Amino acid sequence: MTEKPFITSGRNTIIHKIRKLDLLVINGDDHPPIIVTYKGIKQYEGKVPENKRDAKMMDMELVDVTTSDVFGDEKTLVFIQTLNGKEYKIDYSKVGTSMFIKIHQDSIF
């Protein structure tokens, strides 16, 4: 079994660990997906891969927060620590506004 490119911390934090794989974060059917790269984070506009195998072929890891190996249910707030040393707050109650994705901490190192 290979190492996952992310770890979870607490009840709503994802920490990106491997630069060569982007994280495609899915939070239920009603919320837009988020792409996490080594440079930062943004709302994903492309076609979401059907499964983890398809995602790997696109150099992504599919991270569904509703699965039991991540958080187990949909979240309103998700914090993501990126490889560039920043922590972002994703507030799904503010989709479509400038407050949807915000830098929470500028440097965690």
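Buried means under 20% relative accessible area and exposed means over 50%, with partly exposed in between. Keep these cut-offs at hand for the tour of this predicted model.

**Stop 1: the sheet**

Show the strands as a cartoon. Five of them form an open sheet in the order β1-β2-β7-β8-β9, and the pairing is mixed. At the edges stand β1 and β9 (101–105), each with a single partner strand, so one side of each has no neighbour in the sheet. On average, neighbouring strands of this sheet are turned by 30° against each other, direction ignored.

**Stop 2: β2 and β7**

Select residues 13–16, which are strand β2, and residues 77–81, which are strand β7. These two strands pair in the parallel sense, over three bridges. Which residue in β7 is the bridge partner of I14? Select I80; this residue is the partner.

**Stop 3: I7 on β1**

Next select I7, which lies in strand β1 (residues 6–9).

Now display what surrounds I7. Apart from neighbours within four places in sequence, I7 is in contact with T13, I14, I15 and K17. I14 is the residue already seen bridging to I80 in β7.

**Stop 4: salt bridges**

Side chains of opposite charge can pair when their charged atoms come close. How many salt bridges does the structure hold? There are six, and three of these can be visited one by one.

Select E61 and K56. Their side chains meet in a salt bridge, at 2.4 Å from N to O. E61 is buried, because its relative accessible area is 7%, while K56, at 40%, is partly exposed.

Move to D73 and K75. This salt bridge has its closest N and O atoms 3.5 Å apart. Here the acidic residue D73 is partly exposed, with a relative accessible area of 40%, whereas K75 is buried at 17%.

Finish at D91 and K94, another salt bridge, where the closest N and O atoms are 3.3 Å apart. D91 counts as buried at 7% relative accessibility, and K94 counts as partly exposed at 33%.

Technical notes:
Residues are numbered from 1 along each chain as its sequence is written. This is a predicted model: local features need pLDDT of at least 70, side-chain atom pairs count only at pLDDT 80 or more; totals for chains, interfaces and linings use all residues. Side-chain values use heavy atoms; hydrogens and water are left out. A salt bridge is a side-chain nitrogen of Lys or Arg within 4 Å of a carboxyl oxygen of Asp or Glu. Buried means under 20% relative accessible area, exposed over 50%, partly exposed in between (1.4 Å probe, protein chains only). Helices (H or I, at least four residues) and strands (E, at least two) are DSSP runs, numbered from the N terminus. Contact means heavy atoms within 4.5 Å. Two strands pair if DSSP finds at least two bridges between them. Axes are lines fitted to C-alpha atoms, for helices over the stretch in contact, and angles run from 0 to 180 degrees between N-to-C directions.
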